[in-house]
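Work through the exercises below with the sequence and the structure at hand. Each task is followed by its solution in steps.

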Amino acid sequence: MSNLLNLEVKKIVETPPEEIERVKNWINTEEYKEKNFARQALVINPAHACQPLGAQLAAHGFEGTLPFVHGSQGCASYYRSTLNRHFREPAPAVSDSMTEDGAVFGGQNNLHEGLENANAIYKPKMIAVFTSCMPEVIGDDLTAFIKNAKQKACVPKDLPVPFANTPSFNGTHIHGYDSMLVSILQTLTEGKQIEGRCTGKLNLIPGCDFNTGDYREYKRLLKEFGIPSTILADISDTFDSPCDGSYHIYAGGTKLEDAADSINGKATISLGPYATPKTFAWVKDNYSGKHVSMPMPIGIAKTDDFLMKVAELFGKEIPASIKNERGRAVDAITDSHQYMHGKRFAVYGDPDYLMGYVSFLLEMGAVPHHILCSRGTKKVEKELQALLDGSMYGNGCKIYMNKDLWHLRSLLVTDPVDAVIGDSHGKFAARDAKVPLFRFGFPVFDRVNKHRYPLVGYQGVINMVTEICNKFIDIKDETCEDQQFELMR
Amino acid sequence: MSDKIRTVEGITKESTQAMIDEALSVYPEKARKKRAPHLAPNDAASGCASVKSNKKTVPGVMSARGCAYAGAKGVVWGPIRDMVHVSHGPVGCGWYSWGTRRNMMSGITGVTNFAMQFTSDFQEKDIVYGGDKKLKTLLEEAHDLFPLAKGISVLSECPVGLIGDDINSVAKASSKDLDIPIIPCNCEGFRGVSQSLGHHISNDTIRDYIIGTREFAEPASPYDIALIGEYNIGGDAWSTKPLLEECGLNVKAVWTGDGELEKIAATHTVKLNVIHCYRSMNYMCKVMEEKFGIPWIELNFFGPTKIRQSLRALAELFDDTIKEKVEAVIAKYDPIMQAVIDEYKPRLDGKKVMLLVGGLRPRHTIGAYEDLGMDCVGSGYEFAHTDDYDRTAPEMPDATVVYDDPSEYEFEKFADTLKPDLIGSGIKEKYVFQKMGIPFRQMHSWDYSGPYHGYKGFEVFARDIDMAINSPTWNLVKAPY
């Protein structure tokens, strides 16, 4: 039998059990770890997705907005299903279904036909266009294409159609989020700046955050302050919408009017220094009022910083209700610190989340022993190191930049920890290492309702500490000898 | 094929056509013209497709379709457990399709099975300078780190074909150097109109690179068969393979659920190919028939009625030993299945279901619903072809709506009119309909349950359908105030 590889015909050979046993043990060794860390080309179990996914998330954060994928249709299906699985919510988005002829002639015809159909069928208030690989490789000119679309009246002239180039072969989902968000803000605020006008509002840019609970927590805290705010972009109602017998394709999002007026805000705070640097730089150059970029408020100290900054910017005292909340959170952690103290963790995730997890663990007296970032810069590494250097619990902790979850597995089996913090994809490595995985961040495909519980603010601290400590106590109850099994823990 | 033409009260060809026209009324002229031939009332008597299919998706309408890469990685290649499957190109495609199809695998992950995500994670420089060198290096690394992998598939994502990389030469050279089969699969997502072309391309690569390169170590028997188009979703193959073995047959290879590369490579020596998912694997059945003279038969493992018919049709191709065993198997399971039906049918009788799945289940599952007393009031596919719709016509009640690659808008409109008691479709549709208060089961992934195939599967299926439709949670959707 001939074949294209010129393989010779062989009898099937089963792998001998002792060979399987040998390899099974070998992949847990130091020797294997070295080999694994020497990889140059192969990426195994990456902890990041591609740019357009983040772009779609940003688009969902605006009222009446239809995310529109310019590229192959399979891309849109992948982004949508990923968001569906994480939130257990609809994630409507269209694609212009480019195929072979698009590769030859460019994607303008698809884009125009797609815009016309999407506008007629789904009646959006805004269409947010972003790209997947194909148009990026062939070099489609979106600026011209969209201008032409309006001239040809594929969509009404006054329909905002922001667009972002979000190539998947560069950066991760957080970079796509940034590019889409800045494009949306540029489009909506164009010509809206009014000399002397101040909305009196705080613009809050949460960053590429997939936790609807976080958005609700920000809004609640600002309400306690009595500070009016505009969240850019607010996905909380989009991805946490009521089940009441009717489906609304645009279930939530920041009002376009509010987003447009955000350029006249009193102040803007970005809480995603790594997720939204482009957006923040543009806002800084163009928005009225004060501009601050600071870390995501995960843990007590970072929440304190955030609240003090808000108070400072608006000349307000931190309300007593929030002070009490802080007290309750501190009460929760002092009551339960013994269950986390000295426990070693492996943590991984997007840079903004990661800073928060590490800061929180150090506050608890826990040890973020392995810190792994799938894609990050020297700046990320330096900031993480500074956090470690600031605490005795950071002694000996190591940061692994641009590594994947197969690297993480090697770390867990050669230099064990008590638990892992990360997204659902870490469950394989955690299982092999026989330690629990705390599912914070994105995506969480295998637990329910996680995205509804904030990680940020004092409430976030209570949520994390409750989940983590109770799990450790569960493990003790499930694994201890009978004579050690007792009522109180 | 069902014996008689069934109807559903209140549904006529006219009412269905009116519903279609109404749904399309918001479309721009050009899109309406393109979509209209893909939507039609079923003509059960004709036994022929009533809709056009396998055409380009209309841009901007919100299709549920995926791409050729999805068909290659997710469907055909991905389930082969003892191979490393490299998603060649940027990081996303492999990441999104990692662990999301529920094709279950036996073995030890990272040792004898590779249910992981391997990618070349293309960066800008790979687009500019090409990724062939990187591919060569990563193949060596994969072989080095996973010495028990029996082979490697290289599944191209969009940029690979657009920048003119030659993965075929790299695969050929590396295959020789590393002494394992390395199969290049040019399944870029922009090729074709849906996942379907990815299935076809993958079948072709099996034909060109794999089939005939291995032989079974044990002597052949007249009862050697292969199970084709069974992907072990939620453990389906772990229900169907033992069932066929109980019937006295030797299942030498499963394509490709919990599959093994070498057994797939030796399939050219079996006596019969039994195919379940016709859409994704009919190509190789036809190749093996032409090249090796292996006959094939299509079976349906959903619900006792279809299983019974299927097993008897299968027995017809063998001697009395098998015929007797098949009758014994049917006699053994009939009362068990009747008990399942007795338990659930009273709660499901007369309930209406609408389906939208990939290329097989919109017709193959209808019998299982009917076993539970339910009626299918609408069905359609993401990526079926005319031969699938031909096979669908007699399975569906007359005049019910058939939809090919429907947009979310069309599907929602039809559901709004038909008010089904259950919708069986995918994750992208699930929460849309649940918001509307319509019970839903994911019919690609068995909604994190399964198996649904075989006798064992029907028990799970019946329980799940009852659970979905009769959950008391639906009574709480409307507030009392």
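**Exercise 1.** Give the strand order of the open five-stranded sheet of chain A and state how its strands pair.

Solution. Step 1: the order in this sheet of the predicted model is E13-E12-E11-E14-E15 (chain A), and the pairing is parallel. Strands (E, at least two residues) and helices (H or I, at least four) are DSSP runs, numbered from the N terminus, and two strands pair if DSSP finds at least two bridges between them.

Step 2: strand E13 (398-401) and strand E15 (437-439) of chain A are the edge strands; each has a single partner strand, so one side of each has no neighbour in the sheet. From one strand to the next the twist averages 20 degrees.

Step 3: strand E14 (residues 419-422) of chain A runs parallel to E15(A) and is joined to E15(A) by three bridges. Opposite A:Ile421 stands A:Phe438 in E15(A).

Step 4: helix H17 (residues 405-414) of chain A packs on the sheet, where H17 touches E11, E12 and E13 of chain A, and its direction makes about 175 degrees with that of E11(A). Helix H15 (residues 351-364) of chain A lies across strand E11 (344-348), strand E12 (367-373) and E14 of chain A, at about 175 degrees to E12(A). Axes are lines fitted to C-alpha atoms, for helices over the stretch in contact, and angles run from 0 to 180 degrees between N-to-C directions.

A note on conventions: residues are numbered from 1 along each chain as its sequence is written, while chains are lettered from A and ligands numbered from 1 in the order in which they are written. Because the model is predicted, local features need pLDDT of at least 70 and side-chain atom pairs count only at pLDDT 80 or more, whereas totals for chains, interfaces and linings use all residues.

**Exercise 2.** Which strands stand at the edges of the open four-stranded sheet of chain A?

Solution. Step 1: the order is E4-E3-E5-E6 (chain A), with parallel pairing.

Step 2: the edges are strand E4 (94-95) and strand E6 (163-164) of chain A, each with a single partner strand, so one side of each is left without a neighbour in the sheet.

Step 3: strand E3 (residues 65-70) of chain A pairs with E4(A) in the parallel sense over two bridges. The bridge partner of A:Val69 in E4(A) is A:Ser95.

Step 4: across E3, E4 and strand E5 (126-131) of chain A lies helix H6 (residues 108-122) of chain A, running at about 155 degrees to E3(A).

**Exercise 3.** Describe the contact of domain 1 of chain A with domain 2 of chain A.

Solution. Step 1: chain A is divided into domain 1 (51-189), domain 2 (202-240 + 249-324) and domain 3 (329-479); these bounds come from an automatic or database domain assignment.

Step 2: the centres of domain 1 and domain 2 of chain A, taken over C-alpha atoms, are separated by 25 Å. Domain 1 of chain A gives 27 residues to the contact and domain 2 of chain A gives 25. Residues are in contact if their C-beta atoms, placed from the backbone, lie within 7 Å.

Step 3: on the side of domain 1 of chain A that touches domain 2 of chain A, helix H3 (51-60), helix H4 (73-87) and helix H9 (173-189) of chain A each supply at least two residues. The largest share, 11 residues, comes from H9(A).

Step 4: the residues of that side of domain 1 of chain A divide into 13 nonpolar, 10 polar and four charged. Ala, Val, Leu, Ile, Met, Phe, Trp, Tyr, Cys and Pro count as nonpolar, Asp, Glu, Lys and Arg as charged, and the others, Gly among them, as polar.

**Exercise 4.** How many residues of chain B are in contact with chain A?

Solution. Step 1: 87 residues of chain B are in contact with 73 residues of chain A. The chain B side divides into 45 nonpolar, 20 polar and 22 charged residues.

Step 2: strand E1 (residues 10-11) of chain A pairs with strand E6 (residues 214-215) of chain B in the parallel sense over two bridges. A:Lys11 has B:Glu215 as its bridge partner in E6(B).

**Exercise 5.** Is helix H19 (residues 427-435) of chain B largely buried or exposed?

Solution. Step 1: nine of the nine residues of H19(B) are buried, so this helix is largely enclosed by the rest of the structure. A residue is buried if 20 or more other C-beta atoms lie within 10 Å of its own, exposed if 12 or fewer, and partly exposed in between, with C-beta atoms placed from the backbone.

Step 2: the cover over the buried residues of H19(B) includes H4 of chain A, as well as strand E11 (352-357), helix H18 (408-418), E14 and E15 of chain B.

Technical notes
Two residues are in contact if their C-beta atoms, placed from the backbone, lie within 7 Å.
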